[in-house]
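The sequence and the coordinates are shown first.

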Amino acid sequence: MSNALHEFLRTRYSAYPIMLGTSRVKPGALLETRWRWGWPWDTNPEFIFEDPYSWDVLGEAASAYSSSIVEANLIQASIDESVTLGGSASLPQYGLSFAAALASKYKGTIKVTGLHAKVFDNSMAPYWLMQKLLGLRNKDTGLWNLVNDDFLVAESYHVSSLTAEFKQGFDGSIKGALEKSGYKIEAGLEIKWLSDSSFELVGTSAVPIAVRGLKV
């Protein structure tokens, strides 16, 4: 993630970038986390892998903790990110992956023009979950050890539209390279080629680019 997009999400929404590349991360997810203390009075968590959903740990119904994408776009213009694609590198947080490695490296710019939050349908849900998770400390040592120091996701942030433009690689254009590699886009997304070197990706990715939440 670019510094600009990172700073926007961190400053405006107290959200942290996440690069796990999975659609399983959503409000109510528990993330195994390595906490790195910063200065002043800040933390910089590194998300390692997923634990079970919080409601599964608590033995409760998932339907009680439903979540939905908020329609309002969180950005008014665009936020630019410099990227380099090459080898097996892909962009799962944008809904784009490659079936085979790229033979050349392609430097370019991604302009994110749509960003949406996914939140609990009931705004009190994260606080209810946190209270119940903390209650495990005195009720079930095994489960408490599982969730202690985890990150409870309260909101996730998803890219909904972007444009990307890449310079020529020694193996030709980015369009030819992606078609040769057998690129895949996430279900529900649409890629529109503007030229051999640029494309637009439209649709809200199920894979979050950042999360906001609470430390258990």
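## Surroundings of A15

In this predicted model, A15 touches L9, R10, Y157, A210, V211 and R212, leaving out residues up to four places away in sequence. A15 is located in the loop between helix 1 and strand 1. Its relative accessible area is 0%, so A15 is buried, the limit for that class being under 20%.

## Nonpolar cores

The largest nonpolar core comprises 33 residues, and those with the most contacts inside it are L9, Y94, L115, Y157 and I209. Two or more residues each are contributed by helix 1 (3–13), strand 7 (79–87), strand 8 (96–98), strand 9 (102–120), strand 10 (151–166), helix 5 (174–181) and strand 13 (198–202). Strand 9 supplies the largest share of this core, with 6 residues. Two of the residues named for this core, L9 and Y157, are also among those touched by A15.

A second, separate core has 26 residues, including Y53, A125, L133 and V216.

## H116 in strand 9

H116 belongs to strand 9. With a relative accessible area of 11%, this residue is buried. Which backbone oxygens lie 3.0 Å from a polar atom of the H116 side chain? One is the backbone oxygen of V70, and another is that of E71.

Apart from its neighbours within four places in sequence, H116 is in contact with I69, V70, E71, A72, N73, L74, S156, Y157, H158 and S160.

## Positive phi angles

Most residues other than glycine have a negative phi. S14 has a positive phi of about 50° and is not a glycine. S14 lies in the loop between helix 1 and strand 1 (16–17), and its relative accessibility of 38% makes it partly exposed.

D149, likewise not a glycine, has a positive phi of about 75°. Its place is the loop between helix 4 (141–147) and strand 10. At 35% relative accessibility, D149 is partly exposed.

## Salt bridges

The structure contains 6 salt bridges. One of them joins the side chains of R24 and E50, at 2.9 Å from N to O. R24 lies in the loop between strand 1 and strand 2 (30–34) and E50 in strand 5 (residues 46–50), so this pair ties together parts that are 26 residues apart in sequence. R24 is partly exposed at 39%, as is E50 at 28%.

K132 forms a salt bridge with E60, with the closest N and O atoms 2.9 Å apart. Here K132 in helix 3 is linked to E60 in the loop between helix 2 (54–58) and strand 6 (67–69), 72 residues apart. The side chains of R212 and E155 also meet in a salt bridge, at 3.8 Å from N to O. Because R212 lies in strand 14 (residues 210–215) and E155 in strand 10, the pair ties together parts that are 57 residues apart in sequence. R212 is partly exposed at 34%, and E155 at 21%.

## Surface patch

M124, Y127 and W128 form a nonpolar patch on the surface, with about 330 Å² of accessible area together. W128 is part of helix 3 (residues 125–139) and is partly exposed, with a relative accessible area of 38%.

Methods:
Residues numbered from 1 in each chain as written. Predicted model: local features only at pLDDT ≥ 70, side-chain atom pairs only at ≥ 80, totals over all residues. Heavy atoms only, no water. Core = buried A, V, L, I, M, F, W, Y, C linked by side-chain atoms within 4.5 Å. Buried < 20%, exposed > 50% of the residue type's maximum accessible area, 1.4 Å probe, protein only. Helix = DSSP H or I, 4+ residues; strand = E, 2+ residues; numbered from the N terminus. Polar contact = N/O pair within 3.5 Å; in protein donor to acceptor, adjacent residues only side chain to side chain. Contact = heavy atoms within 4.5 Å. Patch = residues over 30% accessible without salt bridge, like charges linked within 9 Å, V, L, I, M, F, W, Y side chains within 5 Å. Areas by Shrake-Rupley, 256 points an atom, 1.4 Å probe, with all protein chains shown as cover. Salt bridge = Lys/Arg side-chain N within 4 Å of Asp/Glu carboxyl O.
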